[in-house]
Amino acid sequence: MNKNMQNVKIIGTGSYVPENVLTNNDLEKMVDTNDEWIIARTGIKERRIAKDNETTSDISSKAALRALENAKLNPEQLELIIVATNSPDMIFPATACLVQDKIEAINAATFDLQAGCTGFVYGMITAWQFIVSGFYNNALVIGGETLSKFVDWTDRNTCVLFGDGAGAVVLKANKTEGILSGHLKGDGSGADLIKIPAGASKNPTSHETIKQRLHYVKMKGNGVFKYAVKYMKRSTISALEKCNISATDVDCFIPHQANMRIIEVVAKVLGIKKDKVFINLDKYGNTSAASVAIALDEAVRQGKIQNGDIVVLTAFGAGLTSGSIVIKWVK
Ligand code: UT7
């Protein structure tokens, strides 16, 4: 490490989920599914759905303001805003610009980051590097999604899984410990497993793409499942090895909240005990890039993370992508 480099810590967290709750029983009236199947196969009981006029930048801004309040930082002091999302307000401009305007962070640089459900972890590692190098002194990283607007509500393979929400962290340069290590990976050979096929340069929107429902999320769930376990395990091990920490020393493990069975298998193969694993999947479903961010904020606010704890965030998603980050929690 260059001696000018500094440590980086999380000085605030925040999250926001839309008010509207969609239960498994509600879904039974929409597609051929049932509460028992959804709970047994996924662990999800309900999810939040944004209003028609509620966008990703709206809910991301609410999460951001809560994180800034928690960090005791004024929006105008912010130097960088990264929004990790797969459901931006528009293809361009970046949702981060819209958030910047809404929260009046007038001095911040802004960009979006798209890395499937791993987006928030990619965003944190990116912001960490900006601060470590001394380029910026602080950064706001948001994972925000309104995937309900991109889900085919006639497709039971996907519509029971996803939900809307946003989570945020404020990172700041710090003299003592904080973020200890990270790992990121991409594997484009799995790009076909989860995608929105139309609405961009490959298949621009047309009557035909709409008729074929290609502007909605398509997923081969089984294939994704296998990769999810393999990559979250490998990524967590890589990040822990880089800072010489054993999986048994992890105090709070926050995995991407996609499926209870995936989480259980990953924790088991890593040797992390159940009581160290944070889960809120039952309440929100898979909120994609927001999932780890919301879970981190809830874990902090519920007192599940104490000063000095080793916290690991790990995620996996479309791309394919995977990533993990190891943090020594310091107040
Ligand atoms: O965020 C990152 C991206 N996403 C993920 O990580 C998702 C990873 N994959 C999964 O979570 C699981 O694969 C799913 C929950 C999507 C599916 O669970 P599965 O155990 O892999 O089920 P399956 O796809 O093998 O389907 C089993 C059966 C099928 O019926 P048949 O062909 O055996 O008669 C499906 O048609 O379950 C049926 N099925 C459903 N039944 C009731 C699929 N979706 C539903 C449903 N309700 N909603």
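The second largest pocket of this predicted model is lined by 29 residues, and those nearest its centre are Asn157, Leu161, Met219, Gly221 and Asn259. Several elements give two or more residues to this lining: α2 (35-42), α6 (156-159), α8, α9 and β12 (310-317). Helix α8 gives the most, with six residues. Both domain 1 (7-176) and domain 2 (180-328) supply at least three residues each to the lining of the second largest pocket.

Now for the largest pocket. Its lining has 40 residues, with Asn86, Gln114, Lys195, Ile196 and Ala198 nearest the centre. Here the elements that give two or more residues are β5 (109-113) and β9 (194-195). The lining of the largest pocket also draws at least three residues from each of domain 1 (7-176) and domain 2 (180-328).

| Pocket | Volume | Lining by class |
|---|---|---|
| Largest pocket | About 1000 Å³ | 17 nonpolar, 16 polar, seven charged residues |
| Second largest pocket | About 640 Å³ | 15 nonpolar, 10 polar, four charged residues |

Let's return to α8 and its partner. Helix α8 (residues 221-242) packs with helix α9 (residues 260-270) at an angle of about 40°, and their axes are 10 Å apart. The crossing of α8 past α9 is right-handed. Which residues in α8 and α9 meet? From α8 come Phe225, Ala228, Val229, Met232, Lys233, Thr236 and Ile237, while α9 brings Arg261, Ile262, Val265, Val266, Val269 and Leu270. By class, this contact has 10 nonpolar residues, one polar residue and two charged residues.

Note on methods. Residues are numbered from 1 along each chain as its sequence is written. This is a predicted model: local features need pLDDT of at least 70, side-chain atom pairs count only at pLDDT 80 or more; totals for chains, interfaces and linings use all residues. Side-chain values use heavy atoms; hydrogens and water are left out. Axes are lines fitted to C-alpha atoms, for helices over the stretch in contact, and angles run from 0 to 180 degrees between N-to-C directions. Helices (H or I, at least four residues) and strands (E, at least two) are DSSP runs, numbered from the N terminus. A crossing is left-handed if the near helix is turned anticlockwise from the far one by less than a right angle, and right-handed if clockwise. Contact means heavy atoms within 4.5 Å. Ala, Val, Leu, Ile, Met, Phe, Trp, Tyr, Cys and Pro count as nonpolar, Asp, Glu, Lys and Arg as charged, and the others, Gly among them, as polar. On a 1 Å grid over the protein atoms alone, a cavity is a set of points where a 1.4 Å probe fits but cannot get out, and a pocket is an open set with protein on both sides within 12 Å along at least five of seven lines; lining residues have an atom within 4 Å of a point. Grid points are joined across faces, edges and corners, and a volume is the space filled by probe spheres set on the points. Domain bounds come from an automatic or database domain assignment.
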